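Here are my notes on this entry for someone opening it for the first time. Please read them beside the model.

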Amino acid sequence: MNSLAAKKSISTYDVYQHAIEQFSHYDNERYHYLDSAATSQKPDCVIDAVTQGYRHFCAPVHRASYPLGEAASSAYETARARVAQFINAPTSQLIFTKSCTEAINQVTLGWAKSIIKPQQKIWLTRMEHNANYLPWHQLCQTTGAELKIIEMDEDGCLLLEQEEIWHESTFLIALTHCSNVLGGENPIQELCDKARAQGIYTLIDAAQSVSHLPLDVDKLACDFLAFSAHKMYGPEGIGALYIDVKRMAEMSPLLMGGGIVESVDEQHIVLREAPYCFEAGSPNLSGALGFAAAADFLQGLPAAAVSQYVGELGRQFRQALAQQGNVTLMPIAGGGEHSSVLSFTVDGVHPHDVAQVAADNGVAIRTGNHCSHLLLNHLKVGALNRLSLGVYNRREDIEPLIKSIKLATEIFT
Amino acid sequence: MNKKESQAVLLAHYKSPTGLGEIDENYSVGKGINPLCGDEISVGVTLENDVITDIKFQARACSICIASSSIMNQLLINEKISQIEYYYQQLNGLLKDSCSAIQTEELLRPLASISAMPSRHKCAQLSWEALSEACKH
């Protein structure tokens with residue numbers, strides 16, 4: 001197929017029609033869930049996979065030699081392979097964590113803390129979620145390293161040309177691929193290419209992008225990539241961290257406990273090989289099965305089509321919001337108009353009140369600071385309304401939101 | 001009072017709040033921040049022999065927070081400091097269980113309409129906490 005034909009088939013592929021059949025519990029006639037950046041709804045295949053885990057594989061993982069125990073271990077490792085394949089990573093370089101937050105803490109405390117030197121710099125962007133800010137802040141406080149912020153322009157584009165970022169004193173750049181407030185997409189491939197050439201380590205927070213932007217860690221060649229299942233249609237309570245093979249050799253477990261050692265005596269501990277040495281405690285088997293089912297669900301839809309669908313729907317929401325005389329839209333990370341996440345304020349109506357009126361009308365939008373204090377301080381706002389889209393959303397969700405904004409304006413101004 | 005009537009009363013407080021105004025150097029000031037939504041409120045109080053003589057507040061906050069501040073103002077001026085805790089406990093009882101409204105001070109009762117929304121409870125409590133802090137200064 002030539003590229004033009006491929007492009008045409010993606011643009012005519014009906015993501016919504018293919019996806020919605022998998023959300024049999026989601027009543028999209030009466031309810032408009034616009035909070036997928038917080039957590040996505042779960043398709044039937046994920047719910048089934050989690051249930052099957054408890055029904056058919058209920059035995060300890062990597063701890064039992066009886067058949068059910070072997071089956072559980074095998075199912076867990078198959079799930080790891082499927083999630084790793086989803087981001088094009090070798091299976092042995094993907095560890096399961098309880099969340100994206102824990103994955104990032106594994107990097108700060110299990111790796112960076114032991115090798116970073118005082119005065120070395122860690123660069124983060126202005127738009128980081130606290131999950132990718134507070135661990136680095138704490139690390140710098142305890143090690144004497146310096147935390148630096150990559151600023152952005154008024155269009156939401158990162159100012160990556162500052163020479164200081166690329167100075168030899170820079171240890172690592174940790175940034176979000178897609179902002180949880182501004183959506184869009186940061187240029188992680190360019191950034192990783194440049195960082196690698198300068199000997200700077202990179203961590204990508206892919207929590208928001210993994211649901212709709214294709215990820216290929218082999219091509220990206222980042223050192224770390226963190227994400228969680230529940231924002232990509234998978235279950236809560238499980239996340240993943242991809243670790244470059246050299247960094248993995250330098251890393252220590254964040255947690256010590258059962259399942260991570262070859263041998264133990266009073267003087268010595270010999271850890272198991274990676275990835276097992278990083279997963280102390282009983283593994284979350286049902287979570288892993290649900291995670292893998294979510295990866296399969298997304299891979300069953302053309303990746304470019306999902307990205308195009310939620311981005312275009314976001315553009316239509318943005319257009320409708322812009323037509324309201326009293327709505328102020330925040331920029332989109334990386335510029336442009338296509339984004340599955342949009343933040344805004346309504347003049348004269350507090351975001352909490354907008355969200356409450358929307359909730360009363362069956363529209364679920366988020367309000368608050370979105371765990372992004374650095375960004376909200378920069379934007380000089382205390383709170384924002386945010387809508388975020390999934391594959392189960394459609395144009396019909398726009399009008400109820402606009403009606404809610406009009407009603408909130410009528411009530412409160 | 002049904003939910004609609006309660007909401008109408010809260011809205012009236014929000015649109016014409018009692019006590020919203022400048023806090024000058026004669027006031028002891030307490031601050032409240034709602035970490036969930038970033039709301040901020042400053043509450044100023046003047047006292048004479050443990051009696052509250054005036055309350056003023058300034059806020060970047062939602063309608064519930066403003067309405068609760070206005071109700072607090074109407075309830076507590078010319079009352080003893082100890083009454084802050086008394087009414088605050090009534091407010092908390094109301095938020096936990098809207099059925100307790102019947103035994104609650106009438107001015108507070110409209111806030112029972114948010115009892116089923118725990119994420120908004122802090123909005124109603126914020127100014128009360130700030131007032132308590134102000135009285136300690």
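Domain bounds here come from an automatic or database domain assignment. This is a predicted model, in which local features need pLDDT of at least 70, side-chain atom pairs count only at pLDDT 80 or more, and totals for chains, interfaces and linings use all residues. Residues are numbered from 1 along each chain as its sequence is written, chains are lettered from A and ligands numbered from 1 in the order in which they are written, and side-chain values use heavy atoms, with hydrogens and water left out.

1. Domains of chain A. The assignment gives domain 1 (3-42 + 303-412) and domain 2 (46-299). Their centres, taken over C-alpha atoms, are 27 Å apart. Domain 1 of chain A puts 38 residues into the contact (heavy atoms within 4.5 Å) and domain 2 of chain A puts in 36 residues.

2. The largest core. A nonpolar core is a set of buried Ala, Val, Leu, Ile, Met, Phe, Trp, Tyr and Cys residues joined through side-chain atoms within 4.5 Å. Buried means under 20% relative accessible area, exposed over 50%, and partly exposed in between (1.4 Å probe, protein chains only). The largest such core has 140 residues. Those with the most contacts inside it include A:Ile87, A:Leu225 and B:Leu76. Helix H10 (residues 285-299) of chain A gives the largest share, 10 residues. Helices (H or I, at least four residues) and strands (E, at least two) are DSSP runs, numbered from the N terminus. Both domains of chain A give residues to this core, so it lies between them.

3. Helices H3 and H4 of chain B. H3 (residues 82-96) and H4 (residues 118-136) of chain B pack at about 165 degrees, with axes 11 Å apart. H3(B) is therefore roughly antiparallel to H4(B). Axes are lines fitted to C-alpha atoms, for helices over the stretch in contact, and angles run from 0 to 180 degrees between N-to-C directions. Angles under 35 degrees count as roughly parallel, over 145 as roughly antiparallel, 65 to 115 as roughly perpendicular and the rest as oblique.

4. Helices H1 and H2 of chain B. The axes of H1 (residues 3-15) and H2 (residues 63-76) of chain B come within 8 Å and cross at roughly 85 degrees. H1(B) and H2(B) are therefore roughly perpendicular.

5. Backbone points to check. The peptide bond from A:Ala274 to A:Pro275 is cis, with omega near 5 degrees. A:Asn88 is not a glycine, yet has a positive phi of about 60 degrees. A:Asn88 is partly exposed, at 38% relative accessibility.
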